[in-house]
Amino acid sequence: MEPVPAPILRIQAADFDVAAEIDRLSQARADVGAIVTFTGICRAEEGRLAALELEHYPGMAEAEIGRIAGEAVRRWELSGLTVIHRIGLVKPGQNIVLVAAGSVHRQAAFEAASFVMDFLKSRAPFWKREHLNDGTTGDWVEARDADEDRIRGWAVTKD
Amino acid sequence: MASDVKLVYFAWVRERIGKAEEDIDLPAEVSTVAQLLVFLRERGEEYRNALARPEVIRVAIDHEHVDHGHSIAGAREIALFPPMTGG
């Protein structure tokens, strides 16, 4: 494969265009045979939720996403990798996060996208808090043990 | 020798302590993350409340994750925060 281009990593308040990001990866070079995308979306939580507020640690969030993306590029033969994480208020139905991984064949793209998402959830310094439909500020979202288990799963299979 | 370090707090750790960041003079005997958490809990009710369960507190030194046994020697910025919930 051609040399791996630097991953595209963005933290932004604005929404993103999934189709445009896929095009960016597929048009960048001629050997792209597969692009896997994951889009994380804000749930309505049975109508309770007005919005999620996403806080982050400026500086470390960029550094940590860079380390996660760097590890993915080392583990899998990727033609490109894009990670976009939103901050601020996100309403139900709106995008929160995008991971897009491109490769010659599908397997590397699937695995790399899954790896990056798992580490984004448990290692990238972002925190979600609920804003409720009754106008009040709700609780901070609690981390799930299952997410931490998935991190350990990747460590065990580390080559 | 005491050392001057910047502490930064996020999410409910920030809310319970009541500030986003502060500069603090650490006595020389505070040399690990675990010792820092003990030291901070003695600073007042809001710190005791924020750090009541130290085992859930995540720590980063100069933008990198560390465990509670890690040395804080030479740290410029130490961040305390809850388990992360991005993605």
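Predicted model: local features only at pLDDT ≥ 70, side-chain atom pairs only at ≥ 80, totals over all residues.
Local features need pLDDT of at least 70 and side-chain atom pairs count only at pLDDT 80 or more, while totals for chains, interfaces and linings use all residues. Residues are numbered from 1 along each chain as its sequence is written, chains are lettered from A and ligands numbered from 1 in the order in which they are written, and side-chain values use heavy atoms, with hydrogens and water left out.

**Exercise 1. The sheet in chain A**

Work out in which order the four strands of the open sheet in chain A stand, and which strands are at the edges.

Step 1. Helices (H or I, at least four residues) and strands (E, at least two) are DSSP runs, numbered from the N terminus. Two strands pair if DSSP finds at least two bridges between them.

Step 2. The order is β1-β4-β6-β2 in chain A, with mixed pairing. The edges belong to β1 (8–12) and β2 (34–41) of chain A; each has a single partner strand, so one side of each lacks a neighbour in the sheet. From one strand to the next, the twist averages 5 degrees. Axes here are lines fitted to C-alpha atoms, for helices over the stretch in contact, and angles run from 0 to 180 degrees between N-to-C directions.

Step 3. Take one pairing: β1(A) runs parallel to β4 (residues 78–86) of chain A, over five bridges. Within it, A:Leu9 has A:Val83 as its bridge partner.

Step 4. Contact means heavy atoms within 4.5 Å.

**Exercise 2. A histidine beside chain B**

Find out whether A:His85 is buried or exposed, and which residues are in contact with A:His85.

Step 1. Locate A:His85 in strand β4 of chain A.

Step 2. Buried means under 20% relative accessible area, exposed over 50%, partly exposed in between (1.4 Å probe, protein chains only). At a relative accessible area of 0%, A:His85 is buried.

Step 3. Leave aside neighbours within four places in sequence; the contacts of A:His85 then include A:Arg10, A:Leu54, A:Phe126, B:Gly86 and B:Gly87. A polar atom of the A:His85 side chain lies 2.9 Å from the backbone nitrogen of B:Gly87.

**Exercise 3. Two aromatic pairs**

Classify the ring pairs A:Trp76 with A:Trp154 and A:Trp127 with B:Phe10.

Step 1. Rings of Phe, Tyr and Trp (its six-membered ring) pair if their centres lie within 6.5 Å; planes under 30 degrees apart count as stacked, over 60 as edge-to-face and the rest as tilted. The whole structure has nine such pairs over all chains.

Step 2. For A:Trp76 and A:Trp154, the centres are 5.8 Å apart and the planes at 90 degrees, so this pair is edge-to-face. A:Trp76 sits in the loop between α2 (60–75) and β4 of chain A and A:Trp154 in helix α4 (residues 145–156) of chain A, so the pair ties together parts 78 residues apart in sequence. Both A:Trp76 and A:Trp154 are buried.

Step 3. A:Trp127 and B:Phe10 are stacked, with 5.2 Å centre to centre and 10 degrees between the planes. This pair crosses between chains, from strand β7 (residues 126–132) of chain A to the loop between β1 (3–9) and α1 (11–17) of chain B.

Step 4. Check burial: A:Trp127 has a relative accessible area of 1%, and B:Phe10 counts as buried at 9%. Ring pairs also join A:Tyr57 and B:Phe81 with A:Trp127 and B:Phe10 in a cluster.

Methods
Polar contact = N/O pair within 3.5 Å; in protein donor to acceptor, adjacent residues only side chain to side chain.
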